[in-house]
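The following report describes one predicted model, to be read alongside the sequence and the coordinates.

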Amino acid sequence: MERMKTGLTSVTFRQKAPEEIIRLAAEAGLDGIEWGGDVHVPAGDAGTAAEIGRRTREAGLSVLSYGSYFRADEGEDFAPVLASAKALGAPLIRIWAGRKTYEQSGPEEFSALASRIREAAEAAGREGVRIAFEYHRGTATQTAAGALALLKAAGSGNAGCYWQPNPDISKEEQLSEIDALLPYLANIHVFAWTGANVRHPLEEGRDVWEEYLSRIRRAPGSRALILEFVKDDSEDAFRADAAALKEWTARLGL
């Protein structure tokens, strides 16, 4: 098993400048950053992407992925997203799987979404970049069933899927989802939420996260554990979460 990298999503601190995010990640001893396409690395601005990629690497950090907001809408252009990812030096682009759950989508609508995702995956693959779905409520990948159906329909070996806990379902359901997604598992977004999206210190989720990680470690290939959405958007909360994540990965041999 390859070692799992640890990192930070830049969207955790949307209000901060890139140099502040780089400093925080480096000081916390993390391995890298997932740069978001909404504020810090806008799609199509290759100059900004290249500069932020350079600064990240100069700080001894990796660009773990490009967190895009491409949703594969009809007529949506993937080219600016791919251009920014390439300039950034990102090995993977996170995309969103439409705007409806799998269960809400009609067969033709779902097939069209899968076709657009296949085109994006093939375009990225030609540039040596992978894509992976955000695992999120309100999209076709709200559940493992939807994610697996979309991966099958898209029919691309260049597509995978993130995972993150859904506070609306039980721990047993979370573990079942991880098991189902293991062959396709890309990066993991790490946070501790309870119902109504209430944020908690990551350490409070130690017991459940150790179970999640024991399953995630079975997945083939490599991936990163990326911190997201800390309590109160606080730097101190981030530092505590980063310390907890590093301690878990060291103790579990990840």
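At its computed relative accessibility, does Gly98 count as buried or exposed, and why? The relative accessibility of Gly98 is 5%, and because burial is assigned under 20%, Gly98 counts as buried. The model in which this value was computed is a predicted one, as is the case for every value in this report.

Gly98 is found in the loop between β4 and α4, the latter spanning residues 107-126. Leaving aside residues up to four places away in sequence, Gly98 touches Arg71, Leu113 and Thr139. A further relation concerns Asp73, which is 25 residues from Gly98 in sequence, while the two C-alpha atoms are 6.4 Å apart in space.

## The barrel

Eight strands form a closed barrel with parallel pairing, in the order β1-β2-β3-β4-β5-β6-β7-β10. From one strand to the next, the twist averages 30°.

## Strand β3 and its neighbours

Strand β3 covers residues 62-67 and is mostly covered, since 5 of its 6 residues are buried. On one side, β3 is joined by 5 bridges to strand β2 (residues 32-36), with the two strands running parallel, and within this pairing Ile33 stands opposite Val63 of β3. On the β4 side, 2 bridges join β3 to strand β4 (residues 92-95), again in parallel, and here Gly67 has Arg94 of β4 as its bridge partner.

The chain crosses from β3 to β4 through helix α3 (residues 79-88), and this β-α-β crossover is right-handed. A right-handed β-α-β unit is also made by β2, helix α2 (residues 46-58) and β3, so that β3 takes part in both units.

Strand β6 (residues 159-163) and strand β7 (residues 185-190) run parallel and are joined by 2 bridges. In this pairing, Ile188 of β7 is the bridge partner of Trp163.

Helix α8 (residues 235-251) lies across β1 (residues 5-9), β7 and β10, and runs at about 160° to β10.

The largest pocket has a volume of about 310 Å³ and is lined by 14 residues, of which Leu64, Pro91, Asn187, Ser222 and Arg223 lie nearest its centre. Strands β3 and β7 each supply at least two residues of this lining, and β3 gives the most to it, with 3 residues. The mostly buried strand β3 is thus also a contributor to the lining of the largest pocket.

Methods. Residues are numbered from 1 along each chain as its sequence is written. This is a predicted model: local features need pLDDT of at least 70, side-chain atom pairs count only at pLDDT 80 or more; totals for chains, interfaces and linings use all residues. Side-chain values use heavy atoms; hydrogens and water are left out. Two strands pair if DSSP finds at least two bridges between them. Helices (H or I, at least four residues) and strands (E, at least two) are DSSP runs, numbered from the N terminus. Axes are lines fitted to C-alpha atoms, for helices over the stretch in contact, and angles run from 0 to 180 degrees between N-to-C directions. Contact means heavy atoms within 4.5 Å. Buried means under 20% relative accessible area, exposed over 50%, partly exposed in between (1.4 Å probe, protein chains only). On a 1 Å grid over the protein atoms alone, a cavity is a set of points where a 1.4 Å probe fits but cannot get out, and a pocket is an open set with protein on both sides within 12 Å along at least five of seven lines; lining residues have an atom within 4 Å of a point. Grid points are joined across faces, edges and corners, and a volume is the space filled by probe spheres set on the points.
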